[in-house]
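Here are my notes on the model you sent over.

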Amino acid sequence: MSAILPLFMAQCRRDLRLSLRRRGDVAQPILFAIMVITLFTLATSAEPKKLAELAPGIIWVAILLSSLLSLDSIYRSDFDDGSLEQMLMSPAPLSVLLGARILVHWVSTVLPLAILTPLFAQMLFLPTDLLIPLMVSLAIGTPLISLVGAVIAALTVGIRHSGMLLALLALPLYVPVLVFGAGSVVAASQGLPWLGAISLLGAGLVVAIVLAPVAAASAIKISLT
Amino acid sequence: MKALILWFNTTGSPPNFERFAARWIPVWFALAFVCLVAGTIGGLFMVPADAKQGEIFRIIYIHVPAAWMSLFVFIVMAIQAFIALVWRIKICELLTIASAHIGLIFTAITLITGSIWGKPTWGTWWTWDPRLTSELVLLFIYLGIIGLYNAIEDRRSAARAAAFLVLVGIINVPIVHFSVHWWNTLHQGETIRLVGESKMAGELMWPLIVMALATKFWFLGSVLKRTRAMNLEHEANKEWAKKLAGDKE
């Protein structure tokens, strides 16, 4: 039992080192999100008032799509070079290894997006007092996205062109996260209490932290055997 | 419990299932047919038109049973998926996949008949009512399950992956329903209420129950028939399947 934490840390260090060596990859989700936001403004209107109204939804959808595109990379390289199979065969519990993998993935691809949210909010003229609800909802909602996505990505890991399928499978599962995440900001903008939705997201996050690595591990076992 | 597991294992073996399905498919389809005829005649001709909605209300005799089935099939499918993953019973994997196809069709029927009913009654094909939205998400989940099954080449692991997704889905469906409900009340949208089942006049009720039974029987017959076909396809090279097909080799 006592060996689990060092194991977790070792896996985190390995994965962090790997993602540090490909520093350029970090910029891609950010650029993608900025592009989506730009496209939204071009497609709807440049009027600050209208944009401000749509901003929570647009930012949430942009970040959701951007992290959806990076889902595949959670296991892809490990699957391609065979280290995923080594993890599966090692005596260490797979769920702990995958938990570390998911955490690093979140830190390296989704967290930068969450940190840059004030910039996105500025682009869409979001009122400054809504920035805090938005940031809080993203801070709790995006790990949930990564955890749920990791379970689905584990199911599709053996499929070669899984991009579209992954989106089709993951998006219905993201509905509650999006509803509560963007909904809390909308509630705040209407002067309604917004912490309720955040608490529900938090509850979901706690459940997902416990269950998702275990579920991802059994999904990996299914798709690799 | 032991007897139940034994029953599962014996009936679950492919040749036994073949015999079991061959015996029961006509029974369920016959029952479904009788109920379907009775329910349709009752719903279309015998019960009086609704006081407020007129004749158009009769579509609920398809719509409501299909909506019930869209959820019922999901629950049945999840139970089968659980059995398939825990006890590794092969036939349950096939039953899960067969159920997914039927559930998808029932969900599609629900949405389509709902819009046909909605246009003259609400004046719109679609509204972002919580129930409609979660039914739509349910459709996507069904599609995802089937899509995943078709995307994986190895049939066995495809079925297991799909079964796993079913279990993820069954946790998700109530959460989606709840979240969408919360979202809709937040938006203060006009909540259009469907006809409450309990508020329905008694004399209009009986064809609905008959139709609900008909869809259940139909599901049983259909799921056995689909599973039987898949089972034979998978076992096509086995001795018993060849003998069954009259192969003289």
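This is a predicted model: local features need pLDDT of at least 70, side-chain atom pairs count only at pLDDT 80 or more; totals for chains, interfaces and linings use all residues.

1. Where does A:Phe125 lie in chain A? A:Phe125 is in the loop that joins α7 (117-123) to α8 of chain A. I stopped there because most residues other than glycine have a negative phi. Here, phi of A:Phe125 is near 60 degrees, a positive value in a residue other than glycine.

2. For chain A the mean pLDDT is 88, with 99% of the residues at 70 or more. Helix α4 (residues 76-80) of chain A is where confidence in that chain is lowest, at a mean of 86. The highest value in chain A belongs to helix α8 (residues 131-155), at 92.

3. Now over to chain B. Taken along the principal axes, the C-alpha atoms of chain B fill a box of roughly 65 × 40 × 35 Å. Of the 249 residues in chain B, 39% are buried. Look at the contacts in chain B with a separation of 6 or more, and 79% of them come from residues 24 or more positions apart.

4. Chain B has its own positive phi to look at. B:Arg88 sits in the loop between α3 (60-86) and α4 of chain B, and phi there is near 55 degrees, again in a residue other than glycine. Is B:Arg88 buried or exposed? B:Arg88 counts as exposed, because 12 C-beta neighbours lie inside 10 Å and the cut-off for exposed is 12 or fewer.

5. I also checked helix α4 (residues 90-122) of chain B for length. At 1.5 Å a residue, its 33 residues should span 48 Å, and the end C-alpha atoms are 46 Å apart, which agrees. Just after α4(B) comes B:Gly123, with a positive phi of about 80 degrees.

6. Last, the contact between the chains. Chain B puts in 23 residues and chain A puts in 20 residues. On the chain B side, α5 (130-151) and α6 (155-186) each supply at least two residues. The largest share of that side, 14 residues, comes from α6(B). Sorted by class, the side of chain B that touches chain A has 17 nonpolar, five polar and one charged residues.

Conventions
Residues are numbered from 1 along each chain as its sequence is written. Chains are lettered from A and ligands numbered from 1 in the order in which they are written. A residue is buried if 20 or more other C-beta atoms lie within 10 Å of its own, exposed if 12 or fewer, and partly exposed in between; C-beta atoms are placed from the backbone. Two residues are in contact if their C-beta atoms, placed from the backbone, lie within 7 Å. pLDDT is the predictor's confidence in each residue, from 0 to 100. Helices (H or I, at least four residues) and strands (E, at least two) are DSSP runs, numbered from the N terminus. Ala, Val, Leu, Ile, Met, Phe, Trp, Tyr, Cys and Pro count as nonpolar, Asp, Glu, Lys and Arg as charged, and the others, Gly among them, as polar. The expected span of a helix is 1.5 Å times one less than its number of residues.
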